[in-house]
Each structure stands twice: as C-alpha cells, then as structure tokens.
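Welcome! Have a look at the sequence and the model below, and keep both in view while you read.

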Amino acid sequence: MFYFCDVNIHEKYMLRCIQLGKKGLGTAAPNPMVGCVVVHKNKIIGEGFTSPYGGAHAEVNAINSVKDKELLSMAALYVSLEPCSHFGKTPPCTNLIIEHKIPEVFIGLQDPHDKVSGKGIEKLKASGCEVTIGVLEKECRIHHKRFLSLQEKKRPYLILKWAETQDGFIAPNTKARKKTPEPVWITNTYSKQLVHKWRSEEQAILVGTNTILEDNPKLTVRSWEGKHPTRVILDKDLKIPSGFHVLDKSIQTIVFTQIADSSKYMDGIDYELIDFSAPIGKQICSTLYKHSITSLFIEGGSKTLQTFINEGLWDEARVFKGSTNFKSGITSPKISGELLETKPILSDTLSIFIND
C-alpha cells in the first residue's frame, strides 16, 4: 500500500472527479453524475464517470479503463460520491472495488440515498479497505446539488429562467400579441442557444398554459446537442389543443390538471391531478419527486414563475436582460436572492441568483 506525502494531492484528484462527473450532466439522471479516478504512484491510471441512466457507474468505468489490472491492488480510488452497495440496474460498485483489492478509497461525500447511506463505506471497511470521507465535501455537495435535492428535500432542484426587457417586461401585452402572434424575442441568438444548452442539462422543463397557447413551443433541444428534457405542463382545464407541439408524444410529457375525467386524457401522456385552488408549487414538486425527477427547468410564463418564487420553491434563477424596451406588457417576476454572477452575452446581460 502507498501513501501520499502531500494532503493537497487528494483535493487535486477529487477536483478531477468533479470535472469528470460533469460529463454526465443531462444523461446520468436520475442517477447522480459521479466522477472517479484510479491513482497509482501519483499517476492517474484510470478514470470514468456515470454512464447514461441504466449504464455502468463511474467506479466501474474507471476500473475498467485501467489497462494493467494488477496495479489495482496497489492503487487508490477517488470518487465524488459514496460507492453503492446494492443491486439496482447494475451490480454494487463496492463489490468490484473489493474484488480488485483496491486498498484505499477516498470519498467526497456520503450518499444520503436510503439504499446506500453509509452502507457502501462500511462494506469497504469490512473488507479491509482504508476509507477516507469528506475530501472536498463542500465542492462535491455543490456538484451533486440535483441528486441531493431529490434525496434530502424530496423535490427536484429548481431552476427559474426568464428574459426581460430593459424596462422590466417579460412579454408584450395581449393587444400587441394579437397584432403580432409570432413569439417576440427579447434576447439575442447566443442567449437563445445557451438556453437550449441548459435544457439539455436538466431532466425536466416546465411551462404554464398561457405560454403554450400563445407560443406553441416545442420545449426541445434544437440549438444544441443533447437529450430532450421531460415536458411538464400546467393545464388546469385541459385547454391545450391536441395538435400543439407539447402533446405530440415524441417526448415524455407530464400534464398537471384539475380534470379528473380520464376520458379527456390522451394516450401516451402522463396526467397528474392537483388542487389549483391551493398553492401548486409544493404539489408539483411532490409529484415530480415520485417520478424521480432530479431537476426542473422552469421557463414560465410570469405567473408560473412568480408562483414558485412566492412559495420559496427555487434554487437558482437565471435572468436575461435584453437591449429592447416594450413600454408596456406583462411585468417580469420579482425575486430576491443572492446575486451569484453577472455577465454579458453580447447585447444581453445574464444574472444568476441563488435562493439564500
């Protein structure tokens, strides 16, 4: 067995785990996007990240990437989240670590999932493996924020997004919309492309009835390569016509409604009943938790966004400010939180807030 002489080297390898784990953003969910490296004599000899859902976990991919398997019995394994110890869609990662007699394992964060939650650590220790927990724990928590939200808060990680004009409007007024029914863009092409990138990174996307009736959006990933998010639609009275894009059944779609008459439901669409006379944010989150949705990208409109803000149900808000003015229209949502970052995107300004 070997030991590192510099404690900071552990953080270096854990940072690499986090870097690798990000490669699973948008594809690993509802599994956590874990990163893993195998180190021998201060040299990385194997690395991996979580495969698309249903595939191999990060530890398996990292161990399998090691060319000389004999080195594993003299190596250390670094992983951003505790290795699983139960059979799911794949066998336990702890079994493979023990099978190859890897003597040291460094873990960024203990897994709060009730099927793991320390059991993987105990299994490794029982086999004689030296286990160190909490290497860059804060950074690993941030990295695994989507998975942790589902496990600890019993709801998806919630990201609000909207674009507003210089004078604070999210859309033109109804009269202007009737005159020009086509969607009115507040932001530039590069900001729009960034939004499509974001869509590819989150498990689900939500909009309200009015946005769909006015814009007939597809809610897909088009200006970026990636997986389409599950569509989550608020349609209290099932007003959305069957020919609209969001009901084309090309993507998993969940519709929240108050209509209990299943004869009005479309085959191939998931319908969920909620009470629209009560606060709906918590109801939506509870239902999406049952669907194992780890993250929800909420695009609007203004009423829907403000509903989540008023209920305190948001983690991030990504707000674009374009260069145009409407002079009148639908007022943008009002939010208070910690301003994390502001950056220009050519003529637009992007501000990112976190719920403090």
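This briefing goes through the cores, the ring contacts, a helix, the cysteines and a few backbone details.

This is a predicted model, in which local features need pLDDT of at least 70 and side-chain atom pairs count only at pLDDT 80 or more, while totals for chains, interfaces and linings use all residues. Residues are numbered from 1 along each chain as its sequence is written, and side-chain values use heavy atoms, with hydrogens and water left out.

**Words to know**

- Buried means under 20% relative accessible area, exposed means over 50%, and partly exposed is in between (1.4 Å probe, protein chains only).
- Helices (H or I, at least four residues) and strands (E, at least two) are DSSP runs, numbered from the N terminus.
- Two residues are in contact when heavy atoms lie within 4.5 Å.

**The nonpolar cores**

- A nonpolar core is a set of buried Ala, Val, Leu, Ile, Met, Phe, Trp, Tyr and Cys residues joined through side-chain atoms within 4.5 Å.
- The largest one has 42 residues, and Val38, Ile63, Leu77 and Tyr78 touch the most other members.
- Elements that give two or more residues to this core include α1 (8–21), β1 (35–40), α2 (58–65) and β3 (76–79).
- Helix α1 supplies the largest share of this core, 6 residues.
- Beyond its neighbours within four places in sequence, Leu77 is in contact with residues including Cys36, Val38, Ile63, Ile97 and Phe106.
- Another core lies apart from this one; it has 27 residues, among them Leu296, Leu305, Leu313 and Phe353.

**Rings and charges**

- Rings of Phe, Tyr and Trp (its six-membered ring) pair if their centres lie within 6.5 Å; planes under 30 degrees apart count as stacked, over 60 as edge-to-face and the rest as tilted.
- The whole structure holds 5 aromatic pairs.
- In one of them, the ring centres of Trp198 and Phe297 are 6.1 Å apart and the planes are at 75 degrees, so the pair is edge-to-face.
- This pair links distant parts of the chain, with Trp198 in helix α8 (residues 189–201) and Phe297 in strand β12 (residues 295–300), 99 residues apart.
- Trp198 and Phe297 are both buried.
- Elsewhere, Tyr13, Tyr78 and Phe106 are linked into a cluster by ring pairs.
- A charge sits over a ring if NZ of Lys or CZ of Arg is within 6 Å of the ring centre and within 35 degrees of the ring normal.
- Trp198 has Arg318 over its face, at 4.7 Å from the ring centre.
- Likewise, the charged end of Lys192 sits over the ring of Trp185, 4.4 Å from its centre.

**Helix α1**

- How far apart are the end C-alpha atoms of α1? They are 20 Å apart, which agrees with the 20 Å that its 14 residues should span at 1.5 Å a residue.
- The expected span of a helix is 1.5 Å times one less than its number of residues.
- Buried residues of α1 include Ile9, Tyr13, Met14, Cys17 and Leu20.
- The helix's buried residues pack against β1, β2 (43–49), β3, β4 and α5 (137–143).

**Cysteines**

- A disulfide is a pair of cysteine sulfur atoms within 2.5 Å, and the structure holds 0 disulfides.
- Cys36 has its closest cysteine sulfur in Cys17, 5.8 Å away, too far for a bond.
- Cys36 is buried, with a relative accessible area of 0%.
- Cys84 is in no disulfide either, and the nearest cysteine sulfur, that of Cys93, is 3.8 Å away.
- Cys84 counts as buried because its relative accessibility is 8%.

**Loops and backbone details**

- The peptide bond from Ala29 to Pro30 is cis, with omega near 10 degrees, and Pro30 is in the loop between α1 and β1.
- Gly300 and Gly301 are also joined by a cis peptide bond, with omega about 5 degrees.
- Leu346 has a phi near 55 degrees, a positive value in a residue other than glycine.
- Where is Leu346? Its place is in the loop between β15 (338–345) and β16 (348–354).
- Leu346 counts as exposed, at 64% relative accessibility.
- Asn216 also has a positive phi, near 45 degrees, and counts as partly exposed at 26% relative accessibility.
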